[in-house]
Amino acid sequence: MTSPARQHTYTTPHYRLSLVRDRTVRYQAPSLCCADTAALALAALLGDAPGERLVVAYLDNHLRVMGTETIAMGGQTGCGGSLPELFRGAVLIGARAVILAHNHPSGSSEPSDRDAAMTAAAVQAGQLLGIEVLDHFVVGDSDAYGIVSKTVVKLPRQQQPPPTEGTPNA
Ligand SMILES: [Zn+2]
């Protein structure tokens, strides 16, 4: 009889993934069913972040908000946010749909080529995962642009003085 070969034992961490409630945020709509309410809620969530910030709202079957998360924070030139980062929380929370938003410190709501490419990739990835990417808003000073819905939503933003363009005789 031969004795069984001595076997090595290896160890690896065994994980349990969980979402941790960071804080509570307020929003003004029972569901984010249309571009207007979604843009307003996400713009409020972004607030007056000094640099670029990417946030996501997780939605249930009835487009009610299950939670929100800040996916990435950056400087004046962009905030990134990879597809795994975008969907990690949505998968954990069991979201049926998501709406993304990021601000442009420049104040312009015009999406960059990178914004458009990231949105297209997210929509595609969401289709595979069964998590619909309803929209991705680029939030500027006075309005937000939905890249998916191609909708411009006026924002009742901070009481900043309007830009002084074309001031006559000034
Ligand atoms: Zn952008």
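Author: Start with strands S1 (residues 53-59) and S3, which run antiparallel and are joined by six bridges. Strands here are DSSP runs of E with at least two residues, helices are runs of H or I with at least four, and both are numbered from the N terminus. Two strands pair if DSSP finds at least two bridges between them. Within this pair, Val 55 stands opposite Ala 101 in S3.

A word on the source. This is a predicted model, in which local features need pLDDT of at least 70, side-chain atom pairs count only at pLDDT 80 or more, and totals for chains, interfaces and linings use all residues. Residues are numbered from 1 along each chain as its sequence is written.

Now the other neighbour of S3. Seven bridges join S3 to strand S4 (residues 132-139), and these two run parallel. Val 98 stands opposite Val 133 in S4. To get from S3 to S4, the chain passes through helix H3 (residues 113-129), and this β-α-β crossover is right-handed. Right-handed here means that, with the strands pointing away from the viewer, the path from the first strand over the helix to the second runs clockwise. H3 lies across S3 and S4, at about 160 degrees to S4. Such angles run from 0 to 180 degrees between N-to-C directions, with axes as lines fitted to C-alpha atoms, for helices over the stretch in contact.

How enclosed is S3? Seven of the seven residues of S3 (residues 97-103) are buried, so the strand is largely enclosed by the rest of the structure. Buried means that 20 or more other C-beta atoms, placed from the backbone, lie within 10 Å of the residue's own; 12 or fewer means exposed, and in between is partly exposed. Ala 97, Ile 99, Ala 101 and Asn 103 point one way from S3. Val 98, Leu 100 and His 102 point the other way.

Step back to the sheet. It is open, has six strands in the order S2-S1-S3-S4-S5-S6, and its pairing is mixed. Strands S2 (65-73) and S6 (151-154) stand at the edges with a single partner strand each, so one side of each has no neighbour in the sheet. The twist averages 20 degrees from one strand to the next. S1 and S2 pair antiparallel over seven bridges. There, Tyr 58 has Gly 67 in S2 as its bridge partner. Helix H2 (residues 83-93) packs on the sheet and touches S1, S2 and S3.

Next, helix H1 (residues 35-46), which has twelve residues. Its buried residues include Ala 39 and Leu 42. Their cover includes S1, S2, S3, S4, strand S5 (143-146) and S6. Beyond its neighbours within four places in sequence, Leu 42 is in contact with Val 55, Ala 57, Ile 99, Ala 101 and Phe 137. Contact means C-beta atoms, placed from the backbone, within 7 Å. Gly 47 follows H1, with a positive phi near 60 degrees.

Terms used. Contact = placed C-beta atoms within 7 Å. Expected span 1.5 Å × (residues − 1).
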